[in-house]
Amino acid sequence: MSDVIMKIDIVSRESIRPSSPTPSHLNTYSLSLLDQLCPPLYVPLLLYYTKQLDSGTDCNLGDKESSSRCDVLKKSLAETLSKYYPLAGRIKDDVSVECNDEGVDFIEARVVGREVSQVIQLTDSVNIDIMEPFLPFEPYGESGSTFGLGLDLVSKALLKIQVNVFDCGGIIICAYIFHRIADGTTFVNFIKDWAATARGDGDSGFRVQGKPHYELFSLFPPRALLGFNVNEMIETEKGILTKRFVFKALNIAKLKKKCIHDAKEAYEGGEQEQQPPTRFEALTSLIWKCFMDVDRQTKARRHHEDVVSASVDAPTDDAVLRQVQHYGASFSINLRTRMNPPLPSNTFGNAVGLAIAQVSHNLDNNVDYAELVSKVKNAVDQIDSDHVRALQSTDALSNIEKMKPKLEKGTVLLHFTSRCRFPIYEAADFGWGKPTWASLSKLPTKNLVMFMDTSSGDGVEAYVSLKNEDMMEFERHQELLAFVA
């Protein structure tokens, strides 16, 4: 299979505009404070369809049939954009989007020489760079891309889509959405409505009930940030490598047992034992622990190399190992269900809060799972209705500073976000069945972990983005390898 050459030809590039013009009174969409606090990055979703449309033995759809499917996608996309009109606009300034119906980027490509199932297999056996030709733009900021380059988005589409049609009938749909205008919930809601419109299900099908709610800007009014560090938790740079690690249900259960065992040992002697961790708490603790181990080993190794090559006195290795290092983990939390009363699930925008946990340890001192699970759980529990009310107050920015744990100087951060439990597979049926697989792609953001459900629904895929040299050590970590598929 590896000697088969894959050829991808771009058939067309166009802007898809809403089928109905946006009313003049909706020409300006105000960003909320929560939108302002999101990093100016694009976030991907790739949907893989291996199912053939025809029931015969000849799987070649031909140009006519392929064009018909793309026409359905474009027509339904235009109809869906009439409801999600801010996505067809352009960033105007720090607080608003101009809803001018300029449209979203839509690229149609034809793929020859491989099948979708082969691409999925290659992704398993090689790495996710195999996905790059299917993306609608270069996600590392080259060739004029805006990924990670800030708010220079005037006349730049906020949603970019590439539909890759394979000559055997399969399809890969890749969509990138600008994070500052929408979170994962909004993204999946959009895909759900787009697919239902393509199927012609009307309001009775599997789709979002009713039009999106555009109310976040009134609940969380935008602010003049005035030097507020929006990207404190996100660092984008070159030399980043993203790898996918799959955790099957059986191994997740083993990891939970390991966390419970550590908790019993830690609290033996009178302290109340921890409750069994959720799979998010367990997986977060595992990846955070392995990440800290790699960072501590790298610091110790670099110090040793400096001592060997130094011509002046330097602290001994033991002295360095006794130095305290600070680590933080941040988590994106959906606020819709944490408000009182809860927000509708189809609330458009970034209804996301940030939880932060931190630990401090000597470089030679291992961290146990019991401590990490407890830190993660306590941090997430802090994001409650009181926390949300503080974000809604006139002193929201100062409240954010007060609510954040004081991060010590030199704290090394790892950020987690999750799309688990999102109904992506059920939602993304455009008329030719559910996707065989849904994935992310490479992410040029340092120290970022994104979770996705496996296609079976009982496992988790973790997309880990680290500096190249850190990834080389991370992917060989023995504790990590004990739990990945």
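Which residue caps the N-terminal end of H9? Select Asp-368: one of its side-chain oxygens lies 3.1 Å from the backbone nitrogen of Ala-370. Polar contacts here are pairs of N or O atoms within 3.5 Å; within protein, one atom must be able to donate a hydrogen and the other to accept it, and residues adjacent in sequence count only if both atoms are side-chain atoms.

Before going on, note that this is a predicted model, in which local features need pLDDT of at least 70, side-chain atom pairs count only at pLDDT 80 or more, and totals for chains, interfaces and linings use all residues. Residues are numbered from 1 along each chain as its sequence is written, and side-chain values use heavy atoms, with hydrogens and water left out.

**Helix H9**

Now select residues 369-381, which make up helix H9. Helices (H or I, at least four residues) and strands (E, at least two) are DSSP runs, numbered from the N terminus. H9 has 13 residues and reaches 18 Å from its first C-alpha to its last, close to the 18 Å expected at 1.5 Å a residue; the expected span is 1.5 Å times one less than the number of residues. Its buried residues include Tyr-369, Leu-372, Val-376 and Val-380. Buried means under 20% relative accessible area, exposed over 50%, and partly exposed in between (1.4 Å probe, protein chains only).

Move to residues 448-453, strand S16. Six of its six residues are buried, so S16 is largely enclosed by the rest of the structure. Leu-448, Met-450 and Met-452 are on one side, with Val-449, Phe-451 and Asp-453 on the other. Strands pair if DSSP finds at least two bridges between them.

- Select S13 (412-418): four bridges join S13 to S16, and the two run parallel. Phe-416 stands opposite Val-449.
- Select S17 (residues 460-467): six bridges join S16 to S17, and these strands run antiparallel. Asp-453 stands opposite Val-460. The two strands form a hairpin with six residues between them, and Gly-457 in the turn has a positive phi of about 90°.

**Loop residues**

Asn-447 has a positive phi of about 60° although it is not a glycine, and at 8% relative accessibility it counts as buried. Then pick Arg-421, between S13 and helix H12 (424-427). Phi of Arg-421 is near 75°, also a positive value in a residue other than glycine, but Arg-421 is exposed, with a relative accessible area of 63%.

Next, go to Pro-341, in the loop between S11 (324-334) and S12 (352-362). The peptide bond from Asn-340 to Pro-341 is cis, with omega near 0°.

**The nonpolar cores**

Select Leu-47, Ile-173 and Phe-430, which touch the most other members of the largest nonpolar core, a set of 70 residues. Such a core is a set of buried Ala, Val, Leu, Ile, Met, Phe, Trp, Tyr and Cys residues joined through side-chain atoms within 4.5 Å. Strand S8 (residues 171-178) gives the most to this core, with eight residues. Another core, of 57 residues, lies apart from it; Leu-33, Leu-255, Leu-283 and Ala-396 are among its members.

**Last stop: cysteines**

Cys-99 is buried at 3% relative accessibility, and Cys-420 is buried at 13%. How many disulfides are there? The count is zero, where a disulfide is a pair of cysteine sulfur atoms within 2.5 Å.
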